[in-house]
Every structure is written in structure tokens, then in C-alpha cells.
Amino acid sequence: MDNKGLERVQCLIIGSGPAGYTAAIYASRANMKPLLYQGIQPGGQLTITTEVENYPGYPDGVQGPDMMTDFEKQAVRMGADVRFGLATKVDFSVQPFSVVIDEEKEILADSVIIATGASAKWLGLESEQRLNGHGVSACAVCDGFFFRGKDVAIVGAGDTAAEEALYLSKLCSTVHMIVRREQMRASKVMQDRVLKTPNIIMHWNSDTDEVIGDKKVEAVRIKNNKTLETTEIPVSGFFVAIGHQPNSDIFKGWLEMDEAGYIKTIPGTTKTNIEGVFASGDVQDKIYRQAVTAAGSGCMAALDAERYLGAKGIH
Ligand code: NDP
């Protein structure tokens with residue numbers, strides 16, 4: 001507590017994906033007594049995936065939600081104070097920093113680690129939501145493996161969609177790429193690679209009408225937005241790659257961000273433009289976006305925060 005009765009901590013972690021929990025594990029072991037607020041979706045994006053097979057240490061794979069429960073247990077066992085609550089406002093103008101939780105409780109923190117992640121954008125179809133995790137996915141690298149030798153569809157035409165379509169083309173028989181205009185947004189080199197890949201079939205000027213299937217994806221119905229003709233394509237997987245939205249709104253005006261809202265960090269570190277505020281995981285990474293890279297940057301953030309507090313004589 002400070003002298004006004006406000007709760008004061010050395011290290012406040014905002015977010016509970018792999019980055020947040022890893023930061024909490026490291027910060028706890030360094031005796032920084034971290035307080036972690038989980039946000040609206042405890043466990044983050046991995047709680048909406050099914051099996052995770054590419055996280056080292058789980059030789060038989062693991063369900064995304066179970067893995068995040070493991071992360072949380074480990075953080076708590078190390079001594080982290082993990083609480084449910086959403087950071088709704090920050091004031092980084094003076095130190096200690098002020099962070100308001102659920103619009104009512106104010107926490108003062110000597111260092112802040114932001115690990116609020118990113119959210120995949122969705123088309124907004126009822127069928128897409130209903131079949132999420134049952135053939136609908138927003139991550140080809142996570143889930144493509146389950147569709148080996150099968151036909152899949154992917155919607156989107158940016159660099160992510162291009163990369164994911166190429167990734168899927170190596171695993172799947174046919175990849176149907178659904179593009180809403182008559183050209184792609186992806187960089188020229190990525191477009192060329194996609195167009196030269198024989199098992200990627202382009203569907204230009206096409207909108208997704210519906211993902212078809214009762215318990216799992218069986219087909220996708222697309223509509224040509226010029227001719228209004230609809231076509232049903234049998235597929236087992238439907239991938240959405242229309243971009244991500246970093247969860248950085250409450251930090252706007254305080255932290256430097258790129259045009260899409262990703263927090264800028266000094267390369268090779270998790271330092272933001274405000275000394276004592278660190279960013280890790282997907283909220284500052286639009287390229288790799290993997291659980292293991294997020295966890296790695298959570299570790300970096302805790303180490304950066306520890307050094308910062310040490311240099312200030314707080315820790
Ligand atoms: P982008 O915003 O670049 O692309 C989104 C794509 O989805 C666009 O083609 C857009 O179509 C399409 N789209 C959006 N909404 C809908 C919708 N409702 N229905 C159908 N299609 C839709 O996102 P990315 O995730 O691809 O990339 C984000 C940033 O990250 C970019 O700057 C990209 O270059 C970068 N990146 C770089 C990589 C690398 O360097 N290796 C890898 C991945 C990403 P339209 O074109 O019509 O707007």
C-alpha cells in the first residue's frame with residue numbers, strides 16, 4: 001500500500017497468455033512479487049484452440065486450455081498473485097505508474113509488463129463461430145497438421161493468408177483461397193509464390209457465404225460478388241486469415257505503436273518508449289505469433305523489468 005491506501009506492486013503484469021504467465025514465473029522467481037491481471041479471456045488465444053502439438057515439452061501434444069492451466073499453476077506455485085480483472089485505463093505519466101482495473105480499482109506499479117496479446121479478426125458468420133475448433137481455425141501453423149491430405153479453404157489475401165496458404169499447400173491436397181477482390185494485398189513475392197503453387201486454387205471476387213457442417217466443417221459456400229453466383233466447395237478445414245487486432249487500445253497516446261496498433265519495442269528487448277513499461281507477446285509481434293515465441297518474450301520482459309528495478313534501487 002502507498003500512503004493513500006492504494007495497492008502498490010513492484011511488477012504488474014497485464015495479460016494471461018504464454019507471455020504474461022512466463023513473465024510471472026520469471027518475475028516470481030526473481031522475488032519481484034508480481035501481480036498479474038488475467039483480462040477478459042484468461043489464458044488468451046490458446047484457450048480457443050484445441051490440440052497444440054508444436055509447443056516443446058509436450059511430446060504427446062496438449063489441449064490449448066489445459067496448457068494454459070499448466071502455465072497458470074506454475075506461475076501461482078512460484079508465488080505470482082494471479083487475479084481475474086481487466087485493465088481499463090493507464091497513466092504512465094508519473095512513476096509509480098497507475099493502472100485501473102475494471103474501471104474501479106487503481107494499482108500503482110514500479111514496472112509494468114504488457115502481455116495483452118492480439119485477437120484474430122473473424123468474418124462474423126454464425127457458422128464460423130459455431131464450428132470454431134471443429135474445422136474452423138485462425139491459425140494454419142497451429143492447426144494445419146490436422147488436415148493432412150485433405151482439402152481446405154482459406155479466406156484472406158494479405159501476407160498472413162499467403163504464408164498460411166503456402167504452409168497448408170505442403171500438407172493438404174488442395175487449398176482453396178477465397179479472395180474478396182480481384183487482387184491480393186500480399187507482397188509481390190508472396191503473391192507470386194501463391195500463384196505458382198499448383199495445389200492452391202484461387203477464387204477471386206469471392207465472399208464467404210457460409211461454412212457448412214453440423215458438428216464439423218464439411219464445405220464452404222462462396223458467392224462471386226460480381227456475378228452473384230454461389231458455389232459450394234467440399235473442405236474439411238476453413239482457415240480465416242484476414243488479420244489480427246493487437247489488444248493495445250488502452251495504451252494509445254502513451255506508447256509508440258505502428259499504424260496497426262502493435263506496440264513498438266526496442267529491437268532485441270521488450271522496452272517500450274516509456275522506461276519501466278515493457279511489452280511482450282503478440283501485442284508487439286505481428287510476424288511470429290507463436291505460443292513459444294510469446295513465452296520467450298515474456299521471459300525477456302521479466303528480465304528487462306528486473307534489471308530496470310535493480311538500476312532504480314527498487315529491487
Ligand atoms: P492484412 O491487413 O495485411 O490483410 C488482411 C487481408 O484480409 C486483406 O487481403 C483483406 O482484403 C482481407 N480481408 C479483411 N477483411 C476481410 C473480410 N471481411 N472478408 C474477406 N477478406 C478480408 O493482414 P495480415 O495479417 O495479412 O498482415 C498484417 C501485417 O503483417 C501486414 O503489414 C503484413 O505485411 C505483415 N506480415 C508480414 C509477414 C512477413 O513479413 N513475413 C507475415 C505476415 C504478416 P483486402 O485486401 O480486400 O483489404
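Tutor: Two strands pair if DSSP finds at least two bridges between them, where strands (E, at least two residues) and helices (H or I, at least four) are DSSP runs numbered from the N terminus. The model is predicted, so local features need pLDDT of at least 70 and side-chain atom pairs count only at pLDDT 80 or more, while totals for chains, interfaces and linings use all residues. Residues are numbered from 1 along each chain as its sequence is written, and side-chain values use heavy atoms, with hydrogens and water left out.

Student: In S13, which residue is the bridge partner of Ile-178?

Tutor: Strand S12 covers residues 174-178 and runs parallel to S13, to which four bridges join it. Within S13, the partner of Ile-178 is His-203.

Student: Which strands stand at the edges of the sheet?

Tutor: The sheet is open, with five strands in parallel pairing and the order S10-S17-S11-S12-S13. Each edge strand has a single partner, so one side of it is left without a neighbour in the sheet; these strands are S10 (136-137) and S13 (200-203).

Student: What angle does the direction of helix H5 make with that of S12?

Tutor: Helix H5 (residues 159-169) packs on the sheet, touching S11, S12, S13 and S17, where contact means heavy atoms within 4.5 Å. Axes are lines fitted to C-alpha atoms, for helices over the stretch in contact, and angles between N-to-C directions run from 0 to 180 degrees. The angle is about 165°.

Student: Over the face of which residue does Arg-148 lie?

Tutor: A charge sits over a ring if NZ of Lys or CZ of Arg is within 6 Å of the ring centre and within 35 degrees of the ring normal. Arg-148 lies at 3.8 Å from the ring centre of Phe-145.
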